[in-house]
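Student: I would like to learn how to read aromatic ring pairs in a model. Can we work through one case together?

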Amino acid sequence: MTVQKVKGFKVTDSRRTKMVGVAAKSFRELLTKCCIKFDVKKRNVKLVLLDGTLVENEDYFQTLPNQSVLLIQSPGEQNAGAELIYSTLQLINVDLLRSGAAVQKFFDHNVKEKLRQLNRIVNAGEEEENRTGLSERSEDPDWFMGLETNARTKEAFMFKRSQERIRGYLYKSRSDIRKSPPYVSSDLVRSIIESVFAEFTVLLKQDDYLGRYFDRSKEEALCDERGEFLCRGAWNQEHCTRLTLHRINPYQSREARIVFSTWNLDHW
């Protein structure tokens with residue numbers, strides 16, 4: 001029998017009134033404790049990551065790293081554009097928790113332009129540019145600040161981040177398909193789909209869950225050799241129409257690494 005390990009999480013609510021630490025071995029335990037901490041009823045409550053990803057089952061819970069930041073949402077609450085920027089900045093400066101209302105009000109106006117401005121700021125600065133090529137933790141300790149990882153290089157950490165995203169996509173897709181009417185109503189459909197996912201999981205494991213996609217040292221990385229990623233454009237376009245603005249290098253700085261966690265590489 002596999003013994004589940006306790007994992008720690010940082011949880012806040014939509015109003016950013018407080019942030020609490022919650023330790024749990026399972027998704028159900030995490031959800032129950034969060035509801036108690038924030039004094040909300042368990043029915044229809046959701047837990048989401050700062051990029052809006054819904055954490056809704058045990059499979060995905062097990063992929064979350066220690067000290068992940070989660071948002072507890074009651075029915076009707078959403079993590080909108082301004083919330084997303086605020087959440088990202090919150091990780092950079094926890095003091096924003098104390099002035100959350102004013103910050104969110106500021107970002108609610110013309111949010112897309114402010115997102116672009118934030119991206120320009122992140123990518124600016126000669127000092128940060130000079131640090132982009134650094135790799136070892138000992139060379140650029142600020143880049144690793146706040147991370148609970150045994151990775152000794154930026155490339156090793158980004159490799160793991162890519163694996164986490166791919167696992168997340170796999171678990172989310174499987175969870176959504178299992179809710180579909182054909183899956184629910186047909187034994188044959190369920191059998192075929194589960195077989196496909198089982199084979200797909202084996203292939204991903206054999207390929208290290210495509211960790212190389214974020215590792216700039218790998219030939220098949222989605223970034224260039226310096227670590228810069230370009231937006232791939234909307235789903236119905238061949239490329240991004242605003243290529244100058246839609247680029248980011250998470251290897252450049254700690255702030256850029258945090259902002260990159262909100263990127264889907266397919267447009268804003």
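Student: Is phenylalanine 9 buried or exposed?

Tutor: This is a predicted model, and in it phenylalanine 9 has a relative accessible area of 1%. Phenylalanine 9 is therefore buried, because buried means under 20%.

Student: How many aromatic pairs does the structure hold?

Tutor: A pair of aromatic rings is described by the distance of the centres and the angle of the planes. There are six aromatic pairs here. In one of them, phenylalanine 9 and phenylalanine 61 lie 5.5 Å centre to centre, with 40° between the planes, and the pair is tilted. The partners come from distant parts of the chain: phenylalanine 9 from strand β1 and phenylalanine 61 from helix α2, 52 residues apart. Phenylalanine 61 is buried, at 0% relative accessibility.

Student: Why is the pair of phenylalanine 229 and phenylalanine 260 called tilted?

Tutor: The ring centres of phenylalanine 229 and phenylalanine 260 are 4.7 Å apart and the planes meet at 40°, so the pair is tilted. Phenylalanine 229 belongs to strand β6 and phenylalanine 260 to helix α10, so the pair ties together parts 31 residues apart in sequence. Phenylalanine 229 is buried at 1% relative accessibility, and phenylalanine 260 is buried at 3%.

Student: What sits over the ring of phenylalanine 260?

Tutor: The charged end of arginine 165 does, 5.2 Å from the ring centre. Likewise, arginine 257 lies over the face of tryptophan 143, at 5.2 Å from the ring centre. Trp143 is also linked by ring pairs with Phe144 and Phe157 into a cluster.

Student: Where does pLDDT stay under 50?

Tutor: Where pLDDT is low, the predicted coordinates should not be read in detail. Here that stretch is residues 91-98, while the chain has a mean pLDDT of 80.

Notes: Residues numbered from 1 in each chain as written. Predicted model: local features only at pLDDT ≥ 70, side-chain atom pairs only at ≥ 80, totals over all residues. Heavy atoms only, no water. pLDDT = per-residue confidence, 0-100. Contact = heavy atoms within 4.5 Å. Phe/Tyr/Trp six-rings, centres within 6.5 Å; stacked < 30°, edge-to-face > 60°. Helix = DSSP H or I, 4+ residues; strand = E, 2+ residues; numbered from the N terminus. Buried < 20%, exposed > 50% of the residue type's maximum accessible area, 1.4 Å probe, protein only. Lys NZ or Arg CZ within 6 Å of the ring centre and 35° of its normal.
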